[in-house]
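Visitor: Please put the structure up, and then take me through the interface and a few residues.

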2 protein chains.
Amino acid sequence: MTYGTINSMKTKPGRRDEVVAILLSGAEGLRAAGCHLYVVGTAADDDVTVWVSEVWESREHHAASLQLPETQEAISAAMPMLAGEFTSQEVRVQGGVGV
Amino acid sequence: MTYGTINSMKTKPGRRDEVVAILLSGAEGLRAAGCHLYVVGTAADDDVTVWVSEVWESREHHAASLQLPETQEAISAAMPMLAGEFTSQEVRVQGGVGV
């Protein structure tokens, strides 16, 4: 069964779009690491919250991706723009459309 | 820009898998209604929470889909198994992988 995560992060005021750009910059490289799906969205009801939904081949593939140099660089680049408020939910993907 | 939703619902104890089956039963029909992505997952940390992430052609396509007879039937079938606790987040999809 594939592994999913649904995460949110709040950015500092005015930095949301820069964080989104960083999150999207390495997106295509994720496929090779076992990522089936990676959706970056901005909250419709505020100007600082970014939501990221992911589906991975396995929990292990996701964990390994966090150690990739490009992931580490993206995290380092985004971190100063984040407000320090996060939510995180792991899910077991059961099926659907496009997955 | 495509429209996304990230929703969760808690089911009554022991009813989660039936709710998941209902949510998946009409999944393929959603494509024709403008659904790009529909991911049904179960929380990894409890036995009652179901997460549904969706990406739609537009907010209007999503709203129209809620009026389809099959959607109404699915909602009616699932409702008695739900605990009445929901979360809902609308997002503006910015991009990613598989979307």
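Visitor: How many residues of chain A are in contact with chain B, and how many of chain B with chain A?

Guide: This is a predicted model, in which local features need pLDDT of at least 70 and side-chain atom pairs pLDDT 80 or more, while totals for chains, interfaces and linings use all residues. Residues are numbered from 1 along each chain as its sequence is written. Contact means heavy atoms within 4.5 Å. By that rule, chain A contributes 31 residues and chain B 31 residues.

Visitor: What area is buried between chain A and chain B?

Guide: Buried area is the accessible area (1.4 Å probe) that two parts lose on being put together, summed over both. Carbon and sulfur atoms give 60% of the area here. The total between chain A and chain B is about 2600 Å².

Visitor: How many salt bridges does the rule find across the interface of chain A and chain B?

Guide: The rule asks for a side-chain nitrogen of Lys or Arg within 4 Å of a carboxyl oxygen of Asp or Glu. Across the interface of chain A and chain B, the number found is zero.

Visitor: Is G41(B) buried or exposed?

Guide: G41(B) touches residues of both chains, including V91(A), R92(A), T49(B) and W51(B), not counting residues up to four places away in sequence. Buried means under 20% relative accessible area, exposed over 50%, partly exposed in between (1.4 Å probe, protein chains only). Because its relative accessibility is 2%, G41(B) counts as buried.

Visitor: Why does F86(A) count as partly exposed?

Guide: On those cut-offs, the class follows from the relative accessibility of F86(A), which is 47%.

Key. Chains lettered and ligands numbered in written order. Heavy atoms only, no water.
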